Amino acid sequence: RRSIRVGGGRVSATLRRRRRHSRVHVSVSGRRAFGRLAAFTMASIMRRASGKSSSRGGRGAQEPQVPSVDMVAVDAIFDQFADPEDTETMNMEGIANLATELGLDPETDVTVLVLCWKLKSAKKPGEIQRDEFQKGMEAVGCSSTKELQAALPSFDPGFMEHKDFRDFYRFCFQFNREGTQRTIEKEAIMELLPLCMMNRSIFLQEFLEFLPTCGTSRITADQWNSFLEFSHAVSADLSGYEEDSAWPLLLDEFVEWKQAKK
């Protein structure tokens, strides 16, 4: 089973049975509370250049010059970490090796998940396709691992606006699915959720206490996504929650469980 350990505790971030698809996996254990990552201040790596024409010949302002990305160099990076049996795919072994090349510990650093998100992994869980990698490197403006490493401080999810964090949070579910499964085992969710949610939910610890008591064995993407929106919309005293709202049944059961504790 592949996992990621963060903040001194170990939090499972992937799926059982992925071993038969990839030669290596990242292991973790334990369930201590997830600590906040160190804050970084770099906001952007993209360089901008612009120019203006001052002639009267009706030429107008020039288009801003966007720094180009060397796709030959990008492909060379991908080739270095691609699966030898499928050179259009970077599997978990390749992703772990890339993370190590960038100075990240694939067993302990949540930035590895952000990296996969930034590199546009979307087609298959736990993989990055060549065209995704190309688009991702173009988006972050990097042509080398050195440039990508310099961009890493801007990947800190603690500084994401709600919309960007929501996209990253939803990505974490999809990236950690198992093959064609549309749901994730509850036990895996209980380990993945603190890693992805960090300090963005006042309900996190109670929800983790509640999950073992509910009858649900697998969590859907809708339930996963709705927990973030529930955390954003509902106050600690449950003001903002309405029984006739369209929350998944799992969250209605959580509210009933929480109210019964009083």
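Helices, taken as DSSP runs of H or I with at least four residues, and strands, taken as E runs of at least two, are numbered from the N terminus, and in this predicted model L238 is found in the loop between α9 and α10, the latter spanning residues 249-261. Although L238 is not a glycine, it has a positive phi of about 70 degrees. With a relative accessible area of 8%, L238 is buried, because this value falls under the 20% limit that defines the buried class.

A second residue with a positive phi is K120, which is likewise not a glycine and whose phi is near 70 degrees. K120 lies in the loop that runs between α3 and β4, the strand at residues 128-129. Its relative accessibility of 39% places K120 in the partly exposed class, whereas L238 counts as buried.

On the side of α3 the contact is made by L113, V114, C116 and W117, and on the side of α6 by D164, D167, F168, F171, C172 and F175. Divided by class, the contact of α3 with α6 comprises eight nonpolar and two charged residues, with no polar ones.

The helix on one side of the loop that holds L238, α9 (residues 221-233), packs with α7 (residues 186-197) at an angle of about 40 degrees, and the two axes are 13 Å apart. With this angle α7 is oblique to α9, and the crossing in which α7 passes α9 is right-handed. From α7, the residues I189, L192, L193, C196 and M197 take part in the contact, where they meet W224, F227 and L228 of α9. The residues of the contact of α7 with α9 consist of eight nonpolar ones, with neither polar nor charged residues present, whereas the contact of α3 with α6 includes two charged residues.

As to the confidence of the prediction, the protein averages a pLDDT of 80, and 74% of the residues score at least 70. Over residues 1-61, however, the pLDDT is below 50, and in the model this stretch has 138 contacts beyond near neighbours in sequence.

Definitions and conventions:
Residues are numbered from 1 along each chain as its sequence is written. This is a predicted model: local features need pLDDT of at least 70, side-chain atom pairs count only at pLDDT 80 or more; totals for chains, interfaces and linings use all residues. Side-chain values use heavy atoms; hydrogens and water are left out. Axes are lines fitted to C-alpha atoms, for helices over the stretch in contact, and angles run from 0 to 180 degrees between N-to-C directions. Angles under 35 degrees count as roughly parallel, over 145 as roughly antiparallel, 65 to 115 as roughly perpendicular and the rest as oblique. A crossing is left-handed if the near helix is turned anticlockwise from the far one by less than a right angle, and right-handed if clockwise. Contact means heavy atoms within 4.5 Å. Ala, Val, Leu, Ile, Met, Phe, Trp, Tyr, Cys and Pro count as nonpolar, Asp, Glu, Lys and Arg as charged, and the others, Gly among them, as polar. pLDDT is the predictor's confidence in each residue, from 0 to 100. Buried means under 20% relative accessible area, exposed over 50%, partly exposed in between (1.4 Å probe, protein chains only).
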